[in-house]
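I opened this entry to record what I looked up, one item after another.

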Amino acid sequence: GILAHEIGHAKQYAPGGTPLLNKMAGVSRGAVGLGLHTLPLLFADKESTAQLFTGLGTAASLPLLGHELDASWKGRNLLKQAASKTGSKLGFLQSLSPFKGVPSYMLATALPYIMYKYLKGKGQYEKDK
C-alpha cells in the first residue's frame, strides 16, 4: 500500500500528471512544514484575527491533503489493476491500504482549528467589541 501510494506520487509528476496540484502542494507542504499554518495564532490578540488566521491556516493545508489523497487514489487504482492482471481478488480493505497515511494529513489540516480552540480556551484572545 505504501509503495502503491508513492508510485501514485510518481504518476502525479509524470507527463499528463497534476502539475497545478503539484505546485500548490509544494507551497502548502512548505507552509505546514514550517508551522506557518499555525504560528500566527500564537501572536493574534483578538478573536476575529485568530479566526482569520485559523481559516487561512486551514486553507494553506488543503492542497497538501488533496495531493496526498490523489496519490492514494492513484495507488489504489494501481493495486486493483495489478490484482486483476494476476487473476487475484483484492479485498476492499486491502484496496484502501494506500490511504494509511492520510489521517496524519487530515490532522495537519485540522491543526489550526484545534490550536485556535485550545488557545481560546486558555484566554489568549480578547473578545471583539
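**Ground rules.** I am working from a predicted model, in which local features need pLDDT of at least 70, side-chain atom pairs count only at pLDDT 80 or more, and totals for chains, interfaces and linings use all residues. Residues are numbered from 1 along each chain as its sequence is written, and side-chain values use heavy atoms, with hydrogens and water left out.

**Entry 1: α1 and α4.** I looked up how helix α1 (residues 2-13) lies against helix α4 (residues 47-86); the axes come within 7 Å and cross at roughly 110°. Helices here are DSSP runs of H or I with at least four residues, numbered from the N terminus. Axes are lines fitted to C-alpha atoms, for helices over the stretch in contact, and the angles run from 0 to 180 degrees between N-to-C directions. The angle makes α1 roughly perpendicular to α4, a label for 65 to 115 degrees; under 35 is roughly parallel, over 145 roughly antiparallel, and the rest oblique.

I then listed contacts, meaning heavy atoms within 4.5 Å. The α1 side includes A4, H5, I7 and G8, and the α4 side includes H67, E68, D70 and A71. The residues of this contact divide into six nonpolar, seven polar and four charged. For that count Ala, Val, Leu, Ile, Met, Phe, Trp, Tyr, Cys and Pro are nonpolar, Asp, Glu, Lys and Arg are charged, and the others, Gly among them, are polar.

**Entry 2: α2 and α4.** On α2 the contact residues include L21, M24, A25 and V32, and on α4 they include A60, L62, P63 and L64. The residues of the contact of α2 with α4 divide into eight nonpolar, five polar and three charged.

**Entry 3: S72.** Is S72 buried or exposed? I found S72 in helix α4, and S72 counts as buried because its relative accessibility is 0%. Buried means under 20% relative accessible area, exposed over 50%, and partly exposed in between (1.4 Å probe, protein chains only). A polar atom of the S72 side chain lies 2.8 Å from the backbone oxygen of P98. Not counting residues up to four places away in sequence, S72 touches H5, P98, F99 and V102.

**Entry 4: T18.** I placed T18 in the loop between α1 and α2. T18 is buried, with a relative accessible area of 18%. Leaving aside neighbours within four places in sequence, T18 is in contact with Q12, D70 and K74.

**Entry 5: F43.** I found F43 in helix α3 (residues 39-43). F43 counts as exposed, at 67% relative accessibility. F43 and Y125 are 82 residues apart in sequence, and their C-alpha atoms are 9.5 Å apart in space.

**Entry 6: S88.** I located S88 in the loop between α4 and α5 (92-95). S88 is partly exposed, with a relative accessible area of 44%. The C-alpha atoms of S88 and T54 are separated by 46 Å, with the two residues 34 apart along the chain.

Note on methods
Helices (H or I, at least four residues) and strands (E, at least two) are DSSP runs, numbered from the N terminus. A polar contact is a pair of N or O atoms within 3.5 Å; within protein, one must be able to donate a hydrogen and the other to accept it, and residues adjacent in sequence count only if both atoms are side-chain atoms.
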